[in-house]
Amino acid sequence: MPLSRRSFVKHGTLAAVAFPLAATLRAGQAAQTTSPASSVNTTPAKPGRALLHWLEGVPAEQPGATLGVPWPRGSVPAGSAFALRTAAGDDVAVQSWPLAKWPDGSLKWTAHAVMAGAAQVNELVLAPGLPAATPPNAVSVRETPEKIEIDNGIVCVVVPRNGPHLVESIRRDGHEIARAGRLVSLRKEQPDNVSPAEAFRGDTLAVTVEQSGPVRAVVRIDGRQVGTASGRHWLPFTIRLYLYAGGDALRIMHSFVYDGDETRDFIAGLGVRFDVPMKDAPHDRHVRFSGEGSGLFSEAVRGITGLRRDPGQAVRKAQIAGLPTPPLSAWEKSVSERLALVPAWGDYTLSQLSADGFEIRKRTQAGHAWIRSGAGRRASGLAYVGGVSGGLVFGVRDFWEKYPGQLDIRSAHTELAEATVWLWSPEAPPMDLRFYHDGMGMDNHAEEIEGLNITYEDYEKDFGTPRGIARSHELVFRAVSATPSNEAFPRFAEALRRPPQLAAAPAHCQAAGVFGAWSLPDRSHPAKARIEDQQDFLLQTYLGQIDQRSWYGFWDFGDVMHSYDSDRHCWRYDVGGFAWANSELSPDLWLWLSYLRSGRADIFRLAEAMTRHTGEVDVYHLGRFKGLGSRHNVQHWGCSAKQLRISTVAYRRFYYYLTADERVGDLMRDLVGADEAFLTLDPIRKIRTEPIPPPTRSAASVGFGTDWGSLAYAWLTEWERTGNTAIRDKLVAGMRTIGAQPHGFLSAGATFNLDTGEFSLVPDGEIGVSHLSAVFGLPELCIELNELVDVPAFRAAWLQYCILYNATAAEQRAAVGSDFGKLNLWEAHARLTAYAASQKTDPALAARAWNEFYGGKAGYGVKSELKSARISGPAVLNPVDENFGLSTNATAQWGLSAIAMLALVGDRIPSAR
């Protein structure tokens, strides 16, 4: 049998991993339909309607929200209107648009936006076929050749079509609150705090109106950073501006791509800055910083409390509350006549240089010393500068999680202050993205494979480059008419940290038939209850490990580690391919399907952060590796295995369809042409036993598993989103020609035509099987494809693969003339056997699937109780919960297999288990 891709790598870590079910359950545990950690109502709405709820409960502050909702095939015609109402029958203004369609043209996914301050009730009902209510003051967009004006009756935002400014002005009720919104950045040639920094500014190249109301408007800005002195262009960006009806918040999604030379282009600062006119007297000007939770730093630019002389209680109380102080004539003269001698503090900084500490400093003005003003652990990332007649609230989400960040206020004592959100703090060391070692003498593929065999790192010179990786940040700029109260500001901060998210009930999503085979949690059978308990345990373990192990940082937040080192009591953060997981074996899929089943907010937020990270940091968006992702490594971009299995749309489409997020939509569309990468990079170049001809458009080396599966996800999603029949035909061509192979998915040696989507037919007898082919989303994809597209030969080929992967060697030889040798991930592939059992209604296959799932042949089956141990003292830096042998890839595959098993053959679960 020919050597299949990477089958030479022995996954020794998996052999030592065990994920047993908890053996001890509560006596007499009653059957449940939801996870113990979930309080979501799983009762479906009336047929044809969707029951919606707020993910984290009714928000105290609701600046506008958008969600996606699925519909059963054929149930909602294209072009349908939608009405949104409370459970009491009150209309809620809503803006709706299609996200995806079923093959019959009916709506599969729709998006819906609600205005700020609306729908703040426990449950809502979305009904197709009824007219939508409109907001009392709709958002409008007016375009001219020079600029775009977005107005919701409260706030008006002016966007120039070119030049250095993202936003020309933000006005509230006709009064200018902020102006000259712009990008700022700093670059150094050395990663130190001594060498001079070169300043850059944003340069707008294109502005596009994507939505124009009535509930929300969306404007896209594309550009790049330009050196203010050198004129150099770099750091291309895409920015989206969002404004909702009824709100005062301008939401900005900032996405950029690193396109520098990591050996000499060190980002020393990256931010967004606005100028803020200051109209009030210095003693009526105010600064606010949100701390941790409801904590608040609250001061006036010129404070009049704590002085040697008392201006009067009414004056002091007004200033502390952020309200207008009485006229100076009502003050004690001993203060009012000396007011000019009280310092006015013009500059303030909150810097969060780690995940566990922030500091606030202030000074009167440049050229004078900073005074330490406060400190804490984790700031929420929100600030205010302005006066009693209004000002600007500004901040960034995931502020401490994506450290080092900084919030700056400058010149608040003058007529024009500056407010800057630093995504990378200029007080932090410059961003150093260089590869972490010198190659250690590995100069050819043979030596590189030796390195792989000791550290599991797939090194290759010049492949561990960050050029082309990306990162997004979600910012907010609120134009307020008065200084926010001490009670309101923490609500603003919470809305920034956890943007209110509407969601369809799990029962509705499950009934819609989207995302393949999954079911709602079911504890009606003891064996099912044990599996559900194990799922909850593993999910909770990862939720806890993120904070205990401090998996935070600008480039790191959202990822998890691959494997654990029980000797050092830590994850293998510094050991080659055992460090950052980079979606290895689909933890993204496990999290999203777990969320769909449970509706749990904590799982949603973890999956959201992972989607943001893995879709941008682990994937190349320009350059020679564009469209490819990087395998697991000490650095997210470090591995030389650049492959579609990491960049796959499989991990993005959940978040896109559940939230209608435009940025993730862009990332998925960028991958539609990712097959072009096979013309420049051979993914299995290191293990080929003989040379092959250079790839051509008609004969590229594309495998049926992780390669084609990833391409097919991109094409399926694009077809659903656009109805593009050329994309559909390319997808179907691949299905048809896989089905036409002598042994379907098991055949080896076919080449791929990039223009038609067809595979060449290979001679009978050549077999190639990899344990990795079906653990990056292929089973979930094939379930969906077989439901959507009628290609009998493809369905038969997939069923054959499902039946034979875990079959005996004799059964494999009888079917295709050769056995598959020693394969891995037996328990993970039990769900393939279960799918075949379900499709063929075969009790014997179902029994075999459960035996495989419980058997532990790969070392992570169902055995005895799994629990955490608290480790503290000199063995570790901080107290941590430890799970010996834990591995993200095996955890994810166990979880995915469990979800599919319960959905496909849950009715045949052995009672003895």
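Is Asn-582 buried or exposed, and what is its relative accessible area?

Tutor: This is a predicted model, and the values below are computed from it. Asn-582 has a relative accessible area of 0%. The cut-off for buried is under 20%, so Asn-582 counts as buried. Asn-582 belongs to the loop that runs between strand S30 (570-571) and helix H8 (587-598). The backbone at this position is also worth a look. Phi of Asn-582 is near 50°, which is a positive value, and the residue is not a glycine. Most residues other than glycine have a negative phi.

Ala-660 is not a glycine either, and its phi is positive, at about 60°. The loop that holds Ala-660 lies between helix H11 (653-659) and helix H12 (662-670). With a relative accessibility of 3%, Ala-660 is buried.

Other backbone features concern the peptide bonds. Most peptide bonds are trans. The bond from Gly-213 to Pro-214 is cis, with omega near 15°. Pro-214 sits in the loop between strand S13 (198-212) and strand S14 (216-227). The bond from Tyr-403 to Pro-404 is cis as well, with omega near 5°. Pro-404 falls in the loop that links strand S24 (390-396) and strand S25 (405-410).

Next comes a loop residue beside a sheet. Gln-501 is in the loop between helix H5 (488-497) and S28. Its relative accessibility is 11%, so Gln-501 counts as buried. Leaving aside residues up to four places away in sequence, Gln-501 touches His-53, Trp-54, Leu-55, Thr-66, Leu-67, Phe-604, Arg-605, Leu-658 and Thr-659. Strand S1 (residues 50-54) and S28 run antiparallel and are joined by three bridges.

S1 and S28 are part of an open sheet of five strands, in the order S4-S3-S7-S1-S28, with antiparallel pairing. Strand S4 (91-92) and strand S28 (502-504) are at the edges and have a single partner strand each, so one side of each has no neighbour in the sheet.

The cysteines can be treated briefly. The structure has zero disulfides. Cys-156 is buried, at a relative accessible area of 12%, and Cys-639 is buried too, at 0%.

Last, a helix pair. Two packed helices are described by the angle between their axes and the distance between the axes. For helix H7 (residues 526-548) and helix H20 (residues 888-905), the angle is about 145° and the axes are 11 Å apart. The crossing of H7 with H20 is left-handed. From H7, the contact takes in Lys-528, Ile-531, Glu-532, Gln-534, Gln-535, Leu-538 and Tyr-542; from H20, it takes in Thr-888, Thr-891, Trp-894, Gly-895, Ala-898, Ile-899 and Leu-902. By type, the residues of this contact are seven nonpolar, five polar and two charged.

How values were computed:
Residues numbered from 1 in each chain as written. Predicted model: local features only at pLDDT ≥ 70, side-chain atom pairs only at ≥ 80, totals over all residues. Heavy atoms only, no water. Pairing = 2+ DSSP bridges. Helix = DSSP H or I, 4+ residues; strand = E, 2+ residues; numbered from the N terminus. Buried < 20%, exposed > 50% of the residue type's maximum accessible area, 1.4 Å probe, protein only. Axes fitted to C-alpha atoms, helices over the stretch in contact; angles between N-to-C directions. Left-handed = near helix turned anticlockwise from the far one by under 90°. Contact = heavy atoms within 4.5 Å. Nonpolar A, V, L, I, M, F, W, Y, C, P; charged D, E, K, R; others polar. Disulfide = S-S within 2.5 Å.
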